Amino acid sequence: MSTRIGQRIARKACDFCRERKIKCSNDDPSLPCDGCIELSVPCTFSNTQKRRGRPHRTLARFLAAREPLDTSNGNIPFPIPNSAGSVGTNSSTLEVPPHCLPITSLISSITIEHLCPIPVFYQIINDYLTFIYPITPITHRPTFNSALSSNFHDHDPEFLRLCLSLCAMTVSSLQRRMPSYGFGYYNHADEIVQRVDRLITASRLATDELDTASSNIMICSFLLGMASHYVERPMRGWVLINESIQVSRSLNLATKEGYDGRDLVDAEMCKRAFWMLYIIQIHDRLSHITPYTLLGQNPSLTDWEFLIPLELDDDNLIPSKEPSRKGEPTSTPLIAGFIALVKVFLCVLNLITEESKNQLPSSPSTSRQGVEPVPTLNNTGLGRQVTNHANRLSIMSNLSNIINDLPPSLRDLSPPQHPRNESESTYTRQFQIMKANIHITRLYLQSSILESFTSAPAPTSSSSIDPGTPSKGANQLWQSREDICRQLLEILNYCPLQTLESNGSSMVVKIREIAATLLDDEEDDDDGVYISEVAERSKRYVQSFVEILAELDVAAQRVVGMQNSTSPSSVRDG
């Protein structure tokens, strides 16, 4: 039979013994107990003892124990039991109930480790700088690398959010690397993107930056929005991208006035972000009958020439200084590829200008009420409803000629020479990524405009596509489609799979939509007999595209894998 005779029993257990629910041998709070000494842990008495007995059940006793409350500071105090077990009547014993606590007090400090281990984080960031930066140059590399080496992400919330959003963009683009990115915890890229989304939201809540407009919020929302699209979360993606567009409009980045007071680096990063949002708006209007995005700028008030980024490497962009070149350039700057892509999309600027006349409100800088909502162009897709026949022909011609204006390093699609060192190898790989993006995007835009010829009547005049004779017009249309598909296949056969993958799932969409033009309704010749030769050639092209897409489309592979894993045969075999 057990007895407590001779045992020391504490009048109040220490925090450690109370947590473990074991006897505490010390009744002197100034000295540690035997259990804490044995395990070498701090012996503390910070926990408040709970009141014993039944709670007050009557309204009279509750009101008697309550005192007038001071709510002048916005917080409503609430009486709690004190250490003696009675309801406190002193203001020092009053606490704020949970529903009155500020949200910021509920969020602990967010760190990179809340997403992944530091070594995995550095691997992802290195892959961004190598593979994703060429087409998404939204960071100033010297400044970013300096902040990264100084661990700014540990104490700077804005830099932390930038790092997290870059991780989401990289992981969603290079999904084949999930075995290393997931480090045995995450199975799919969408899990990382959703985690980043929640961490960034928590960080903005903690720093009270939900209703502010800054370049950091614009860039992070853009990156996270694109990542959400790449992992098949379109609804969240459009929300984030529209937020980024709205911030861009609030900052007035479509005009020179929006760059007053910004240093050189900040101004250039904002210009690059502006163009990325412009490109998204064009893509949206080419792909969807009803656009998902707001129009971020009034074309008639936008200073397009001023907004072209400087063709300088990041090393030559120094804050608070004029742009400079360190000696004679020995190679084409990496940013040249992004500028070339901007010029490709400027070829279709007339589409926006034509359809947005008298539809956009005044510039935010002249609006009395601040930023007004911007209506979409029309509830039509640009590529399908270009009403001006001459405008379509002009765009097609500009897109064909834009290649001649590219630097030789971006124009030539021949296989690159063997690099002499690691640095040259990285540079060559990055230019391959940019070249693939530029040339395939040009073909995608040409294909979209070409398909508009089939959906809108054209005047009977001499043009590159003669609508006068149905069979002649059909033959010309097929020849133009075949020429685009032939060029696309040449580029795809030239580019390694990793080069195409670095462009994200948007590359898959472009290839798929170009290939789909060959699945048009069957055409008849003059005798009413289907042109079998055309059908056979179309079949060969489509088969080639299907094989490439089967390797490239990671999202589709995952869906197929999920379907196979839940099919009756797989369940039966398991």
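Leu 334 sits in the loop between helix H13 (304-307) and H14, where helices (H or I, at least four residues) and strands (E, at least two) are DSSP runs, numbered from the N terminus. What we have here is a predicted model, in which local features need pLDDT of at least 70 and side-chain atom pairs count only at pLDDT 80 or more, while totals for chains, interfaces and linings use all residues. Residues are numbered from 1 along each chain as its sequence is written, and side-chain values use heavy atoms, with hydrogens and water left out.

Is Leu 334 buried or exposed? With a relative accessible area of 5%, Leu 334 is buried, and by buried I mean under 20% relative accessible area, with exposed being over 50% and partly exposed in between (1.4 Å probe, protein chains only). Leaving aside its neighbours within four places in sequence, Leu 334 is in contact with Tyr 133, Arg 141, Asp 313, Gln 430, Phe 431 and Met 434, contact meaning heavy atoms within 4.5 Å. The C-alpha atoms of Leu 334 and Tyr 427 are separated by 8.1 Å, although these two residues are 93 apart along the chain.

Let me step back to the whole chain. There are 24 helices and two strands, and buried residues make up 46% of the 574 residues. If we take the contacts between residues at least 6 apart in sequence, 72% of them join residues at least 24 apart. The chain exposes about 29900 Å², of which carbon and sulfur atoms supply 52%; accessible areas come from the Shrake-Rupley method with a 1.4 Å probe, and for residues only the protein chains shown count as cover.

Next, helix H6. In H6, which spans residues 141-149, Phe 144, Ala 147 and Leu 148 are buried. Why do they lie on the same side of H6? They do so because they cover an arc of only 100° around the axis, the arc being that of the directions from the helix axis to the C-beta atoms. The cover over the buried residues of H6 includes helix H5 (118-132) and helix H7 (157-173). Just after H6, Asn 151 takes a positive phi of about 55°.

Helix H5 also holds Val 120, a buried residue with a relative accessible area of 9%. Not counting residues up to four places away in sequence, Val 120 touches Ser 180, Tyr 181 and Phe 183. Val 120 and Gly 182 are 62 residues apart in sequence, and 8.5 Å apart in space, C-alpha to C-alpha.

Glu 232, in the loop between H10 and H11, has a phi near 65°, a positive value in a residue other than glycine, and Glu 232 is exposed, with a relative accessible area of 52%. Asn 252, in the loop between H11 and H12, likewise has a positive phi, of about 60°, although it is not a glycine, but Asn 252 is buried, with a relative accessible area of 12%.

Within helix H11 itself we find Ser 244, which is buried with a relative accessible area of 0%. Ser 244 touches Met 218, Ser 221, Phe 222 and Leu 277, once residues up to four places away in sequence are set aside.

Now to the open space. Which residues lie nearest the centre of the largest pocket? They are Met 226, His 229, Tyr 230, Ser 505 and Ser 506, out of 35 lining residues. On a 1 Å grid over the protein atoms alone, a cavity is a set of points where a 1.4 Å probe fits but cannot get out, whereas a pocket is an open set with protein on both sides within 12 Å along at least five of seven lines, and lining residues have an atom within 4 Å of a point. Helices that each supply at least two residues of this lining include H10 (215-230), H12 (264-287) and H18 (422-455), while H21 gives the most, with seven residues.

Finally, helix H18 is also the place of Ser 447, which is buried with a relative accessible area of 5%. Leaving aside its neighbours within four places in sequence, Ser 447 is in contact with Ile 484, Ile 514 and Thr 517.
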